[in-house]
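This briefing is arranged by topic for a reader who has the sequence and the coordinates at hand. Please consult the structure shown below alongside the text.

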Amino acid sequence: MSDDIKIKIRNLYKIFGNDPEMALEHVKNGMGKTDLLAEHNHVLGLNNINVDMPAGKTTVIMGLSGSGKSTLIRHLNRLIDPTAGEVLVDGDDILSYSDKQLRDLRQHRMSMVFQKFALFPHRTVLENTGLAPSIEGKSKKRYEDEARKWLARVGLEGQGDQYPHQLSGGMQQRVGIARALTSNSDIMLMDEAFSALDPLIRTDMQNLLIELQAELQKTVVFITHDLDESLKLADHLVILKDGFIVQQGEPQHILLNPCDPYIEDFVSDINRARVLRVRSVMRRTTEEMGEISGEVDHDDNLESLIERSGGDTTNRYRVMKNGKQVGILEMTDLVRSLVPQGGSSDPEAARRAG
Amino acid sequence: MPPDEGRMATYDFIFDKLGLRDWCDGSGAGENGSSGPMSMADLLGQTTGDAVEVSAWDTPFPSLDNLHDACDAIPQSRDLTTGLESGFLNIKDSLKVVVDPLTQPLSWALNEMLWVMQAVPWWIMIPLLMLITYAVGRSLKLVGLVALCFGFLAFIDYYDYTMQTLAIIFVCAFICVLFGVPIGIAMSRSDRTQRVMIPILDMLQTLPPFVYLIPLIFLFSVTEPKLYGIAIILYAIVPVVRLTDLGIRLVDQDVIEAADAFGMTSRQKLFGVQIPLALPNIMAGVNQTIMMSLAMVVIASLVSAPGLGVLVLRGIRSLELGVGLLSGLGIVLLAIILDRVTKAALARINSSQPK
């Protein structure tokens with residue numbers, strides 16, 4: 001992660017209960033979630049979270065329900081206050097913010113997209129989209145052009161005068177995204193934004209987000225419980241379990257080097273050929289090699305390469321990046337990488353271990 | 001020999017055992033022990049001449065009266081009610097100094113409204129009411145119903161009574177909303193306020209309406225309109241308070257979270273999100289408040305509230321069956337109109353913002 005860091009989370013703890021300070025001591029001394037609940041009746045939400053979220057990239061926080069991912073994202077705009085720790089946005093500690101500064105942060109620097117859309121049912125789509133400027137006190141006339149522009153960008157041209165209930169779920173979430181974009185904030189928080197949509201529409205929305213991201217380079221923090229979705233969207237992937245981070249890093253890296261049975265279990269069920277990219281399995285070399293069947297881009301996924309090779313495992317490809325050779329890919333390596341390492345061929349065994 | 005000597009009271013032994021006999025006789029007997037009015041049982045006891053033997057089965061509950069028999073220093077239960085009464089009469093004047101000016105605008109409002117509603121000639125008033133109905137409900141059928149009902153009531157010469165009742169309801173329901181909605185909002189924003197208010201609302205709702213009237217009669221003169229105005233408002237304010245509180249608390253938490261996440265101030269949240277989304281519930285509360293003022297305005301005719309209630313009262317007092325039935329019908333018609341019109345308004349709000 002060489003890029004500048006937009007959001008830094010340092011030693012963040014969140015404990016729900018009557019006396020979180022007392023419980024914090026126990027947690028710092030190594031008590032786990034189940035023990036804390038059984039012995040002290042406090043719920044451990046987040047346990048020593050440290051994440052750096054790169055500017056202009058998508059950070060995906062993945063975990064199953066109850067892993068604390070929604071709690072974590074709500075710390076970024078302080079819808080929830082932590083028990084201990086720091087959240088730095090552009091280097092500022094937002095926990096020291098006054099109410100006014102906090103409102104400014106929420107109005108101008110961060111916007112949020114919700115799982116259940118959370119549109120205002122009594123306002124039109126246009127008014128919903130222009131929520132951020134209207135909170136600042138701008139009249140409808142002044143924000144109308146901006147709001148219509150973003151509505152058109154998410155594919156809802158001409159729907160501005162409808163009410164949210166007149167739209168389908170997928171369209172409502174497009175309004176949610178347009179609402180977040182209209183605030184012109186650098187950071188977009190997306191809390192399970194696509195989880196409530198059906199699979200086809202979800203794929204559409206993911207593609208929309210990838211397109212928008214290529215164009216706008218916002219710092220996106222995306223919460224999901226779906227590994228396929230997280231691998232598709234993530235530049236930086238954080239995997240949460242029971243309130244602590246199991247592993248974080250580049251998704252390809254996590255896929256190839258799962259550090260924990262819990263993650264192996266996750267990883268074992270996905271279509272690796274679609275997720276893994278040539279650069280992750282190639283041999284890094286700039287030397288010329290004889291007998292090359294063709295050139296591939298370093299960012300192509302393996303599925304497209306298999307299709308190209310026609311299943312011939314004797315082929316060898318030159319891997320190119322910006323017109324220069326960066327490595328060589330043997331098809332035999334490719335085939336080997338499709339099988340998860342670490343003896344996780346039996347997913348059930350991994351699940352028991354996890 | 002004092003008259004008490006021959007009488008044995010059940011609970012004598014308690015005071016004897018505790019050594020309180022002197023206190024009982026000393027403070028009680030000297031001042032009012034023998035001079036206080038006697039109970040029927042005492043009188044009976046005196047006529048038979050000897051003490052009534054009480055078996056264990058018939059042991060009376062140690063109530064004030066029974067303890068008084070044993071010890072004169074204990075007051076009778078009669079003293080409790082007279083004590084309450086004299087206590088109220090004692091604070092009445094100072095209470096009046098505070099409450100009288102505060103409630104004076106209510107008297108003015110009622111007087112003015114009663115005057116206006118009766119001074120405007122019927123051929124302006126009825127079309128005006130029809131116009132209001134249309135503005136609120138946007139339904140010609142409803143306007144027809146209003147015209148029919150008022151036409152009927154005017155035809156049987158109940159026009160003035162109807163207008164009086166309507167004037168009182170308008171003023172009282174308006175004041176209920178004016179105070180009830182802010183109280184409801186305060187309750188929805190603070191759990192503590194809610195905890196304090198709920199027993200008060202429960203009490204207002206369950207106390208028999210006649211009970212409000214008694215202290216109010218002592219406090220104000222029967223000729224003042226605010227006397228019945230206050231009684232109606234106290235009785236009718238409950239639903240609008242409760243439903244405002246409920247409506248705001250029922251607003252979708254996700255939407256509130258979105259409002260927070262985009263940096264709304266709590267004032268923007270209240271007026272831009274919570275109240276608009278609670279409006280269907282608040283309007284249901286207004287509907288109930290209007291219906292309850294109508295119910296109370298009939299009872300309030302006991303304390304000089306004019307209107308159809310007076311006719312009902314006349315029907316009861318002089319057993320004029322026809323008058324009673326007809327005025328009852330008039331009240332029903334008025335109730336139907338008020339209910340339909342407010343429900344139509346509610347339906348319009350609902351259709352403009354389905355969830």
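B:Leu346 is found in helix α15 of chain B, which covers residues 321–352. The model is a predicted one. B:Leu346 counts as buried because 20 other C-beta atoms lie within 10 Å, and the threshold for a buried residue is 20 or more.

**Surroundings of B:Leu346**
- Leaving aside residues up to four places away in sequence, B:Leu346 touches B:Pro280, B:Met283, B:Ala284 and B:Asn287.
- B:Phe262 is 84 residues away from B:Leu346 along the chain, and the C-alpha atoms of the two are separated by 30 Å.

**Chain B as a whole**
- Chain B contains 15 helices and zero strands.
- Of the 355 residues in chain B, 33% are buried.
- When contacts in chain B between residues at least 6 apart in sequence are considered, 75% of them join residues at least 24 apart.

**Helix α5 of chain B**
- Helix α5 of chain B runs through residues 77–119 and has 43 residues. Its end C-alpha atoms span only 52 Å, whereas a straight helix of that number of residues would span 63 Å at 1.5 Å a residue.
- A kink of about 45° in α5(B) is centred on B:Lys92.
- The buried residues of α5(B) are B:Leu106, B:Leu110, B:Met113, B:Leu114 and B:Met117.
- An α-helix has 3.6 residues a turn, so residues three or four places apart point the same way.
- Among the elements that cover the buried residues of α5(B) are α8 (159–189) and α11 (225–249) of chain B.

**Helix α9 of chain B**
- Helix α9 of chain B, residues 191–206, has 16 residues. From its first C-alpha to its last, α9(B) reaches 23 Å, close to the 22 Å expected at 1.5 Å a residue.
- α9(B) is hardly covered, and the count of buried residues among its 16 residues is zero.

**Nonpolar cores**
- The largest nonpolar core has 158 residues, of which B:Cys172, B:Ala231, B:Ile232 and B:Ala236 touch the most other members.
- With residues up to four places away in sequence not counted, B:Ala231 touches B:Pro209, B:Tyr212, B:Leu213, B:Leu216, B:Met296 and B:Ala300.
- A second, separate core has six residues, including B:Ala9, B:Cys24, B:Ala70 and B:Cys71.

**Contact between the chains**
- In chain A, 18 residues are in contact with 17 residues of chain B.
- On the side of chain A that touches chain B, the elements that give two or more residues are α4 (99–109), β6 (110–113) and α6 (131–136) of chain A.
- The residues on that side of chain A comprise nine nonpolar, six polar and three charged.

**Domains and selected positions of chain A**
- Chain A is divided into domain 1 (54–82 + 97–257) and domain 2 (277–337). The centres of domain 1 of chain A and domain 2 of chain A, taken over C-alpha atoms, are separated by 36 Å.
- A:Arg308 is placed in helix α15 of chain A, residues 302–309. A:Arg308 is partly exposed, with 15 other C-beta atoms within 10 Å.
- A:Val60 is 248 residues from A:Arg308 along the chain, with 31 Å between their C-alpha atoms.
- A:Gln217 lies in the loop between α9 (199–216) and β8 (219–224) of chain A. A:Gln217 is partly exposed, since 13 other C-beta atoms lie within 10 Å.
- A:Gln217 and A:Val175 are 42 residues apart in sequence and 19 Å apart in space, C-alpha to C-alpha.

**Positive phi values**
- Most residues other than glycine have a negative phi.
- A:Asp90, in the loop between β4 (84–89) and β5 (92–93) of chain A, has a phi near 50°, a positive value in a residue other than glycine. A:Asp90 is partly exposed, with 16 other C-beta atoms within 10 Å.
- B:Arg138 lies in the loop between α6 (122–137) and α7 (140–155) of chain B, and its phi is also positive, near 50°. With 13 C-beta neighbours inside 10 Å, B:Arg138 counts as partly exposed.

Notes:
Residues are numbered from 1 along each chain as its sequence is written. Chains are lettered from A and ligands numbered from 1 in the order in which they are written. This is a predicted model: local features need pLDDT of at least 70, side-chain atom pairs count only at pLDDT 80 or more; totals for chains, interfaces and linings use all residues. Helices (H or I, at least four residues) and strands (E, at least two) are DSSP runs, numbered from the N terminus. The expected span of a helix is 1.5 Å times one less than its number of residues. A residue is buried if 20 or more other C-beta atoms lie within 10 Å of its own, exposed if 12 or fewer, and partly exposed in between; C-beta atoms are placed from the backbone. Two residues are in contact if their C-beta atoms, placed from the backbone, lie within 7 Å. Ala, Val, Leu, Ile, Met, Phe, Trp, Tyr, Cys and Pro count as nonpolar, Asp, Glu, Lys and Arg as charged, and the others, Gly among them, as polar. Domain bounds come from an automatic or database domain assignment. A nonpolar core is a set of buried Ala, Val, Leu, Ile, Met, Phe, Trp, Tyr and Cys residues joined through C-beta atoms within 7 Å. The bend at a residue is the angle between axes fitted to the seven residues ending there and the seven starting there.
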